[in-house]
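Take a look at the structure below. The walk-through begins with a pocket and moves on to the ligand.

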Amino acid sequence: MASGIRWGLVGASDIAATRVAPTMRALGQSVSAVCSGSPDRADWFARQHGIPLATSSLEQLLAADIDAVYISSRNAEHAGQARAAAAASKHVLLEKPIATTLEDATAVVRDCESAGVVLAANHHLPGAGTHRRIRDLVASGAIGRPLSAAVRHAVMLPERLRGWRLSDEPGAGVILDITVHDAAVLNALFGGAALEVSALGVRQGSWQAGSDDAAMVTLRYPGDVLAQTHDAFTSAFTPTRLEVHGDSGSITAPGVMTQDPVGQVFLADASGEREVEVADRRDLYEVALSEFEAAVRGTGRPAVTGREGLAAYAVAQAALESAQSHRSVAVPPLSP
Ligand code: NDP
């Protein structure tokens, strides 16, 4: 691969149009093909975004001159498309959740590993400069022994996205949309998947929702570390926030649970509270795409690996099951 990655887009989606394809081009990568379930939509999307090949056949896209696929279709389509890409020896950047069943999520990871292709999950938050700074602080002992964390990640779902996310189809609902991102953040902070979760989900919106549009989840991590999350599609003015508390200090980080490289990090301990400098303010999607390219070149690892995407999904799936059953649910151990 002499120049940048040549991408095939699977899914003519909003996130591909608004964030990911423009960032690919800004990095010198090329967007060579797009595949949509509808031939007309594929043509329209390709014209809008100057993409040479438009197709409604995944097979045709995978046979094109591309190095990797970026899959941003509806959630229930992710696993089948990723497995087909691995079978065609294409590297895979896969949107979250990486699947809608644990069996499929595990098969995606296994197939990509057997095919020797890079698999990354497009969780944008763990690669953010703010989140990396927070993890460095925790790892360096700045707050002592970690005890708990809290995430507020409640937003108003933009009108243009009030389609399948609010339906009753597999992969819909706030837990597989937003809680799964929180899980990627918390898993990275505490060194692996949560052990157990307990969730409540509700339908608060002014719309007819077929799945929960707001949820609060309590999680237990190894070492009896506790975490809680608040996620919603219904809350227009709620600031986002991450807090991590230890036995000798606390980190509070307002504004860091967003798609933009914004937010602050504060550290409080026996010597008082101060703001911690965050030097890396790169675009979050630029981080994901450039680190994916480094992984393909064999010079780095993805910001969030496929296995980390699997772990985030497993935690979110347990939260979904807990919200449905009103019982706490153990996160199954994931194969090494
Ligand atoms: P969209 O609803 O925009 O797109 C999903 C699919 O819906 C498309 O692939 C397309 O199907 C179909 N579609 C979209 N608009 C239309 C339309 N007007 N008419 C007909 N079909 C349409 O979803 P998002 O971009 O919001 O999300 C896509 C994926 O990306 C999801 O998995 C989501 O979880 C993830 N995501 C990740 C984010 C992140 O920061 N990591 C942020 C936002 C989303 P087809 O495949 O047939 O073209």
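The largest pocket has a volume of about 1,200 Å³. This is a predicted model. Lining the largest pocket are 46 residues, and Asp14, Ile15, Leu161, Trp164 and Arg165 lie nearest its centre. By class, this lining holds 15 nonpolar, 20 polar and 11 charged residues. Helices H1, H4 (78-87) and H7 each supply at least two residues of the lining. H1 gives the largest share, four residues.

The ligand sits in this largest pocket. Around the ligand are 24 residues, of which Asp14, Ser36, Gly37, Asn75 and Tyr285 come nearest. Five residues of this shell are nonpolar, 12 are polar and seven are charged. H1 (14-26) and H7 (174-190) each supply at least two shell residues.

Now the polar atoms. A backbone N or O atom of Ser73 lies 3.3 Å from a ligand oxygen. In His78, a side-chain N or O atom is 3.0 Å from an oxygen atom of the ligand. Glu95 places a polar side-chain atom 3.1 Å from a ligand nitrogen. On its own, the ligand has 880 Å² of accessible area, and the protein covers 79% of that.

Turn to the second largest pocket. Its space is about 390 Å³. The lining of this second pocket counts 24 residues, with Asn187, Ala188, Gly192, Glu308 and Ala311 nearest the centre. Helices H6 (129-139), H7 and H9 (306-325) each give two or more residues to that lining. H9 gives the most, four residues. The lining of the second largest pocket divides into 15 nonpolar, four polar and five charged residues.

Methods. Residues numbered from 1 in each chain as written. Predicted model: local features only at pLDDT ≥ 70, side-chain atom pairs only at ≥ 80, totals over all residues. Heavy atoms only, no water. Near = heavy atom within 4 Å. Polar contact = N/O pair within 3.5 Å; in protein donor to acceptor, adjacent residues only side chain to side chain. Areas by Shrake-Rupley, 256 points an atom, 1.4 Å probe, with all protein chains shown as cover. 1 Å grid on protein atoms, 1.4 Å probe; cavity = no way out; pocket = protein on both sides within 12 Å on 5 of 7 lines; lining within 4 Å. Sits in = over half its atoms within 2 Å of the grid points. Nonpolar A, V, L, I, M, F, W, Y, C, P; charged D, E, K, R; others polar. Points joined across faces, edges and corners; volume = space filled by probe spheres on them.
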